Amino acid sequence: MLSDISLGRYYKVDSLLHRTDPRVKALLYLVYLVVIFMIKSPEAIGALAAVIGVQVFMAKVSLSVIWKTVRPVLPLSIFILILNLLTISQGEILFQWKIITITDYGVARAVLMAIRLIFLILSTSLLLTLTTTPLKIAEALESLFSPLKLIKVPVHEMAMMMSIALRFIPTLIEETDKIMKAQVSRGADYDTGSFLNRVKGYITVLIPLFVSSFRRAEELAVAMDARCYRGGGGRTKLNPLKLTATDVLTGLFLTVCAAGLVVMDLSLR
């Protein structure tokens with residue numbers, strides 16, 4: 001069911017990654033984002049999987065939650081795999097039938113792109129959404145991009161919008177699940193019939209979902225206005241972010257791991 005999807009949800013537990021300063025985790029996410037798209041060798045990919053396993057251990061996230069996080073992107077990953085298999089013609093031909101040509105380079109490239117997508121979702125979840133509340137993510141982004149305030153960039157407002165967007169991902173998933181259950185109880189069928197008929201059937205989900213989203217947005221705007229929210233000017237924080245020695249050591253450890261992955265990959269090319 002849609003309610004079982006963990007993508008975008010905060011996983012509340014006491015762990016090292018949960019306690020780490022969100023600014024450190026945001027910077028680590030950027031580092032691993034670069035690493036994921038840099039490395040190509042199978043050995044480095046395997047080592048990256050091991051490092052992500054270490055992050056899972058540091059976050060104390062159960063394997064069931066990891067599976068619920070990865071499962072929604074598996075269809076997209078499979079689609080990317082098939083698309084690369086059918087469109088890349090470089091390398092030695094392994095299989096050929098009419099206009100379909102599959103090569104060894106195409107297979108390697110397709111698998112690499114599919115794995116990159118899965119690692120990207122895992123890295124995003126472990127370093128941000130699963131271990132950091134939307135409010136802390138907004139505070140971290142506002143702090144990291146605060147120098148842009150000198151050129152009149154609305155950093156606080158942009159961070160707040162991102163925080164609200166992350167906060168409402170689980171809410172929209174739950175709302176979609178409720179609407180689909182309500183429509184099924186009224187006789188709607190989303191699993192049988194032609195592809196076109198099933199797509200048309202989802203219109204009965206999209207329309208009430210849009211109406212509900214606009215209603216929630218209006219309620220949120222009224223609530224913020226009632227609390228005299230006027231942007232970031234002059235605002236104070238109840239629990240300001242503080243960088244500790246543990247945060248620095250955690251950041252250095254994972255950064256060294258990332259650097260080691262890049263060095264390993266370059267040495268194996």
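Helices (H or I, at least four residues) and strands (E, at least two) are DSSP runs, numbered from the N terminus. This is a predicted model, where local features need pLDDT of at least 70, side-chain atom pairs count only at pLDDT 80 or more, and totals for chains, interfaces and linings use all residues. Residues are numbered from 1 along each chain as its sequence is written, and side-chain values use heavy atoms, with hydrogens and water left out.

**View 1. A charged pair inside helix α7.** K136 and E139 both sit in helix α7, three residues apart, which is about one turn of the helix. Their side chains meet in a salt bridge at 3.8 Å, N to O; the term stands for a side-chain nitrogen of Lys or Arg within 4 Å of a carboxyl oxygen of Asp or Glu. Side chains of opposite charge can pair when their charged atoms come close. To read the next bits, note that buried means under 20% relative accessible area, exposed over 50%, and partly exposed in between (1.4 Å probe, protein chains only). K136 is partly exposed, because its relative accessible area is 29%. E139, at 12%, counts as buried.

View 2. How many salt bridges does the structure hold? There are six. One of them joins the side chains of E142 and K149, at 3.6 Å, N to O. E142 counts as buried because its relative accessibility is 11%, while K149 has 41% and so counts as partly exposed. Another links the side chains of D21 and R23, at 2.9 Å, N to O. Are D21 and R23 buried or exposed? Both are buried.

**View 3. A nonpolar patch on the surface.** Look here for L27, L30, L144, F145, L148, L150 and I151, which together have about 690 Å² of accessible area. That area comes from the Shrake-Rupley method with a 1.4 Å probe, and for residues only the protein chains shown count as cover. Patches are built from residues with over 30% relative accessible area and no salt bridge; like charges are joined within 9 Å, and nonpolar side chains (Val, Leu, Ile, Met, Phe, Trp, Tyr) within 5 Å. One member, F145, lies in the loop between α7 (134–144) and α8. F145 has 44% relative accessibility, so it counts as partly exposed.

View 4. Helix α8 runs over residues 155–185, 31 residues in total. From its first C-alpha to its last it reaches 45 Å, close to the 45 Å expected at 1.5 Å a residue; the expected span is 1.5 Å times one less than the number of residues. Where does α8 bend? The spot is F168, with a bend of about 35 degrees, and a proline, P170, follows within four residues. Such a bend is the angle between axes fitted to the seven residues ending at a residue and the seven starting there. Just after α8, G187 takes a positive phi of about 105 degrees.

View 5. C228 is exposed, because its relative accessible area is 56%. C257 has 21%, so it is partly exposed.

**View 6. L81 in helix α5.** L81 belongs to helix α5 (residues 74–87). With 26% relative accessibility, L81 counts as partly exposed. The C-alpha atoms of L81 and I115 are separated by 9.1 Å, though the two are 34 residues apart along the chain.
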